[in-house]
Amino acid sequence: MIHAFTRPRFTKAPTGDPAHTRPGAPLATAARRMLPLLLVLPGLAIAHGVALDPPADEDRLIRFPDTGDYLTLVVDLHTHSVFSDGHVWPRIRVGEALRDGLDALAITEHLEWQPHRVDIPHPDRNRAHAEAVAAAAGHELMIVAGTEITREQPAGHMNAVFIEDANVMLKVAPEAETDDAEDYYIAANRWPPERAVQAANDQGAFVFWNHAWWQSPDNPAAPTVMTDFHRGLIESGQLHGIEIANGIAYAEDAFQLALDHGLTPLGVSDVHELIDWDYRPAAGGHRPVTLVLAAERSQAALREALFAGRTVVWFEETLIGREPHLVSLLRAALDVDEVNYNALHNLVYVTVSNASDAPIRLRNRGGYSMPGQTGDVEVPPHGTAQFALRSDAVPGEVELDFEVLNALIAPKVHPRLTHKLRIEAAGGVDQVDLAR
Ligand SMILES: [Zn+2]
Ligand SMILES: [Zn+2]
């Protein structure tokens with residue numbers, strides 16, 4: 001009941017929320033009228049209301065351009081709140097997502113690991129989702145229903161998202177119900193994980209393998225390998241994705257598993273505390289996210305794109321994904337803004353712009369030289385860079401050819417971007433866009 005004793009404080013009128021605003025009644029008055037009601041009705045589910053509009057902060061928003069064929073949706077499908085082992089109310093998760101400019105968020109509580117079960121008992125395991133939906137009312141942020149199925153190795157942890165009811169993925173014998181969180185977890189672990197994953201799939205869920213690299217807790221250097229358990233799920237079409245970045249870790253073994261087994265690569269925060277503490281967005285940091293190439297801005301389109309594997313993971317300063325998706329995103333982000341030809345010195349000056357939040361680091365692989373430069377060019381986020389090149393083919397046709405050093409299409413493999421320029425003797429320049 002601690003929330004009932006907290007004096008409600010409105011710094012700003014929440015917009016478009018009929019539960020908070022009554023015509024003619026100032027908010028403070030409405031709140032004062034509601035407070036005694038809350039105190040005398042202990043059985044009433046207390047809604048925590050709509051998340052306040054965040055202060056405008058363009059720099060914090062995670063921004064990537066749409067590709068030619070798809071919208072680029074920014075999503076985090078793995079977070080926690082007090083309804084499992086997180087330490088904030090779902091409304092705070094929603095407020096963070098609004099500040100980060102996410103398109104979609106899932107709060108994925110551990111069904112079985114419930115350390116706050118004495119303080120926050122909630123037999124309905126859909127409560128965190130319901131609170132997040134209430135907090136996101138009136139905002140464009142999509143709240144995806146999800147949960148984390150939690151077992152010891154080899155099954156480990158798996159998220160199921162786009163679910164209808166989390167409760168059917170948990171089975172604990174009534175006699176095993178206990179206030180002790182560890183005993184409860186042990187009891188809940190007895191139900192075979194195959195059954196929980198089946199229950200998720202029966203609801204049409206997208207299921208992914210979380211932090212697969214935690215296979216040997218005693219040996220963090222142990223390689224991440226495919227297990228018989230996960231192979232069986234993949235073969236029966238019940239496991240669809242795999243985290244390749246979670247929190248502060250990127251795992252190239254997990255990325256290789258995604259490529260080898262046709263799993264959708266995901267990047268997630270798995271945040272338990274505060275995004276601001278873990279990623280310091282005010283200092284330029286960001287949570288790991290999955291950029292999903294979706295046909296439209298809807299949960300159905302997001303789900304379709306995840307099943308189709310159209311994702312790019314943005315982790316720290318690196319973009320990671322399958323080649324066609326990553327290259328289409330890079331091509332959408334990069335643009336040749338200007339080309340000038342200096343016939344006297346036979347130099348071509350090229351200005352390139354970047355419409356994304358990621359810096360884009362290019363290494364020259366073309367058959368031309370870049371006088372006075374190392375051949376590495378960094379195009380800053382939402383900024384431009386200029387370089388000069390000299391080629392015997394000029395005037396004529398020259399093909400820009402760059403490796404993108406902070407992008408990965410496989411472990412240790414960078415994508416290549418090419419772009420053809422036709423430079424005429426008179427100084428006229430023709431650009432030919434080359435589709436790879
Ligand atoms: Zn987990
Ligand atoms: Zn988790």
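This is a predicted model: local features need pLDDT of at least 70, side-chain atom pairs count only at pLDDT 80 or more; totals for chains, interfaces and linings use all residues.
Residues are numbered from 1 along each chain as its sequence is written, while chains are lettered from A and ligands numbered from 1 in the order in which they are written.

**View 1. Helix α8 and what sits over it.** Helix α8 spans residues 252-261, and its buried residues are A254, F255, L257 and A258. (Buried means 20 or more other C-beta atoms within 10 Å of a residue's own, with C-beta atoms placed from the backbone; helices are DSSP runs of H or I, at least four residues, and strands are E runs of at least two, numbered from the N terminus.) Looking down the axis of α8, these buried residues fall within an arc of 155 degrees, so they line one face of the helix; the arc is taken over directions from the helix axis to the C-beta atoms. The cover over them includes β6 (241-246), β8 (264-268) and β11 (318-321). Just after α8 comes G262, with a positive phi of about 65 degrees.

View 2. In β10 (residues 311-315), 5 of the 5 residues are buried, so the strand is largely enclosed by the rest of the structure. T311, V313 and F315 point one way, V312 and W314 the other. In a regular strand, side chains alternate between the two faces of the sheet. β9 (residues 289-294) runs antiparallel to β10, joined by 4 bridges; strands count as paired if DSSP finds at least two bridges between them. β10 also pairs with β11, again antiparallel and over 4 bridges. V312 is the bridge partner of L291, and in β11 V312 is partnered by G321. The β10-β11 hairpin has 2 residues between the strands, and E316 there takes a positive phi near 50 degrees.

View 3. β1 (residues 71-76) is mostly covered, with 5 of its 6 residues buried. An antiparallel pairing over 5 bridges links β1 and β9, with L73 opposite V292. β1 also runs parallel to β2 (residues 104-110), joined by 2 bridges, and D76 stands opposite L105.

**View 4. The largest nonpolar core.** This core has 102 residues, of which I242, I244 and L330 touch the most other members. Domain 2 (50-316) and domain 3 (333-432) both contribute residues, so the core lies between them. A nonpolar core here is a set of buried Ala, Val, Leu, Ile, Met, Phe, Trp, Tyr and Cys residues joined through C-beta atoms within 7 Å, and the domain bounds come from an automatic or database domain assignment. Leaving aside neighbours within four places in sequence, L330 is in contact (C-beta atoms, placed from the backbone, within 7 Å) with I360, V404, A407, P415 and L417.

Definitions and conventions:
A residue is buried if 20 or more other C-beta atoms lie within 10 Å of its own, exposed if 12 or fewer, and partly exposed in between; C-beta atoms are placed from the backbone. Two residues are in contact if their C-beta atoms, placed from the backbone, lie within 7 Å.
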